[in-house]
Amino acid sequence: MSLKADFTQDFVRDQWYAAAWSTELGDRPLARHILGERVVFFRQPDGVIGALEDRCPHRMAPLSMGECADGGIRCGYHGMVFDASGSCIGIPGQDIIPPTARTRAYPAVEKYGLVWIWTGSADADKTKFPVIPGYGEEGWALLDGGYQLHEGNYRIEVENLMDPAHTTFLHKETIGNKNQKDIPVQVAQTDRGLSAYRWIENVPPSPLDRKSRDFGEGKVDRRVAFNFELPATSFVDVAVVPAGTERTEERLMNAGIRTFSYKFLTPETHRTTHFFWLHLRNYMQNDEGFEAGLRASLEKTFSEDRDMVAAIQLEQEATGLRQRTSLAIDRAPLMALRMIDRMVAAQSAALEEAVS
Ligand SMILES: [Fe+2]
């Protein structure tokens, strides 16, 4: 059994991808590779976000070398100005704007504090945004602004994030928990992807559980779910409730404590991935000391993954192999990758049909 590493597979294109935090768009254009394409982001004076191909149609100068000016983005070479629709709205020294003076505009929307772009050729579909429970609601505390650049193909990231078994070893100083390692992971399909989860039943609450909520003298049930939503969103959903609590979504939301840890994986290139993260919790909302420690711990955990992913990318490139043996714990990662494969196959079939 041997699986080849493939870093040429097309990306899933008819999707929204997180491209930047809204706070990154200030007075200056922002250049970023998204799905291997050069994109420039900017904010117009009216607040509208532009996401354009980062090339001026005149001499291919990167628009990101220009500036935010004259109501749009102004090329740093000859001063042509483009608005968020990609249309040229001004050319120094001439009144007539040729119809070819335009650049590709990507649909761009701000949501969850992030700038998202639609990378496909189909109409942008607003129902495809992730739906984040608790976001913006009372009683929930948000940690956001998280970003790391990971030097690995996003499929290696998906494998990592759908694999609870690695936490015991790679994250032994942060989230690893020796008591979890023998509890089998269950896998279920969800509306938008997959969930790999396990219940750790009837255990004493951890010191953090006790600090976060009064569980009295009783024990707790803890559900840790590693979730994947196509094509590239991951979230870890942890619920801690009094032992024996009915396992409905309503009870898991209200009977104890709950955490959602989201990662939005946006391919930068075939071998690198933008890793945006945000974290929601319904406990210790107003404790700044706790929050600073939580942020540091999350960043350390994600750095441990970043270093492992980068090392694996290099070895897979060197050998041309993805793996030479398979384990029981591969089930959820493999299912997630197959879901991606099916989406990419459907996309290329649709493209072929369109041109034939
Ligand atoms: Fe990890």
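Tutor: Keeping in mind that this is a predicted model, we can begin with Arg13, which forms a salt bridge with Glu37, the closest N and O atoms being 2.9 Å apart.

Student: Where do Arg13 and Glu37 sit in the chain?

Tutor: Arg13 is in the loop between S1 and S2, while Glu37 belongs to strand S4 (residues 37-43), and the pair, 24 residues apart, links distant parts of the chain.

Student: And which residue does Arg55 form a salt bridge with?

Tutor: Arg55 pairs with Glu53, and there the closest N and O atoms are 2.8 Å apart.

Student: OK, how many salt bridges does the structure hold?

Tutor: The structure holds 21 salt bridges, although the count between domain 1 and domain 2 is 0.

Student: Wait, back up, where are those domains?

Tutor: Domain 1 runs over 3-127 and domain 2 over 137-348, and their C-alpha centres lie 32 Å apart.

Student: How many residues are in contact across the two?

Tutor: On the domain 1 side 27 residues are in contact with 35 residues of domain 2, and the two domains bury about 2,500 Å² between them, with 63% of that area on carbon and sulfur atoms.

Student: Which residues of domain 1 lose the most area?

Tutor: Those are Leu3, Phe7 and Trp21, which together make up 30% of what the domain 1 side buries against domain 2.

Student: And what is the count of polar contacts between the domains?

Tutor: There are 16 residue pairs in polar contact between domain 1 and domain 2, counting pairs with both residues at pLDDT 80 or more.

Student: Which elements give two or more residues to the domain 1 side?

Tutor: They are strand S1 (3-4), strand S2 (16-21), strand S3 (30-34) and strand S11 (114-118), and of these S2 gives the most, with 5 residues.

Student: How do the residues on that side divide by type?

Tutor: The side of domain 1 that touches domain 2 divides into 15 nonpolar, 6 polar and 6 charged residues.

Student: Switching topic, what does UniProt annotate over residues 16-117?

Tutor: The UniProt record, an unreviewed entry, carries the annotation "domain: Rieske" over residues 16-117; in the model, the end C-alpha atoms of that span lie 5 Å apart, and the span is 0% helix and 41% strand.

Methods: Residues numbered from 1 in each chain as written. Predicted model: local features only at pLDDT ≥ 70, side-chain atom pairs only at ≥ 80, totals over all residues. Heavy atoms only, no water. Domains from an automatic or database assignment. Contact = heavy atoms within 4.5 Å. Buried area = accessible area lost by both parts, 1.4 Å probe. Salt bridge = Lys/Arg side-chain N within 4 Å of Asp/Glu carboxyl O. Polar contact = N/O pair within 3.5 Å; in protein donor to acceptor, adjacent residues only side chain to side chain. Helix = DSSP H or I, 4+ residues; strand = E, 2+ residues; numbered from the N terminus. Nonpolar A, V, L, I, M, F, W, Y, C, P; charged D, E, K, R; others polar. UniProt positions renumbered as here; feature names shortened; annotations may be inferred.
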